[in-house]
Amino acid sequence: MPILDPNSFEFISRSADQTRRIGIRLGSMIQPHDVICLSGELGAGKTTLTQGIANGWGSLDRATSPTFVLVKNYRRADGSEMYHLDAYRLQSALEAEDLDIDRMINFGPFIVEWPERILAALPDTYLWINMTWMDDEQRGLTMKPKGNRYKKMLEKLKKEMIKSFI
């Protein structure tokens, strides 16, 4: 697990289950207004990570790819919602704004796949996770926080992940 710089974290997941477990840890930390950006090519594991995040957050719903519906929302027993946007089919940040992403961010955690397509519509702070396909079982994750909230979140995630290996 090499550390790229004090504010970044690189990890190689050895299986889809491990990617989900990383997501579960992250999901247990997210709150309303949090924005998690998942960047990576098709098959990089973005939806798999989202499944873990939704599970760790306490979703009653199973996370699936919103590619054809653009946005999915997941519910928790307390009535709160988490939003999951796939921006792959969007042509601009303006199209994302038309989907009312500001409202989604204001009312729940917000996960966006293909965030680079709508970067201008996103807030100034977020956790950016770049995912790469390495082979059938392995995925590379590079996490970079933008903003103090996400720096603290990433630091806590790093400590929990490292502790689980000891």
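Modeller: R139 is found in strand β7, which covers residues 139–146; strands (E, at least two residues) and helices (H or I, at least four) are DSSP runs, numbered from the N terminus. The model is predicted: local features need pLDDT of at least 70, side-chain atom pairs count only at pLDDT 80 or more, and totals for chains, interfaces and linings use all residues. Residues are numbered from 1 along each chain as its sequence is written, and side-chain values use heavy atoms, with hydrogens and water left out.

R139 has a relative accessible area of 15% and is therefore buried (under 20%; exposed is over 50% and partly exposed in between, with a 1.4 Å probe and protein chains only). Apart from neighbours within four places in sequence, R139 is in contact with F11, I12, S13, G43, A44, G45, T132, W133 and M134, where contact means heavy atoms within 4.5 Å. Towards G43, the side chain of R139 reaches the backbone oxygen at 3.1 Å.

We turn now to the helices. Helix α1 (residues 16–27) packs against helix α2 (residues 46–57) at an angle of about 40°, with the axes 6 Å apart. Axes are lines fitted to C-alpha atoms over the stretch in contact, and angles run from 0 to 180 degrees between N-to-C directions. The angle makes α1 oblique to α2, since angles under 35 degrees count as roughly parallel, over 145 as roughly antiparallel, 65 to 115 as roughly perpendicular and the rest as oblique.

Terms used. A polar contact is a pair of N or O atoms within 3.5 Å; within protein, one must be able to donate a hydrogen and the other to accept it, and residues adjacent in sequence count only if both atoms are side-chain atoms.
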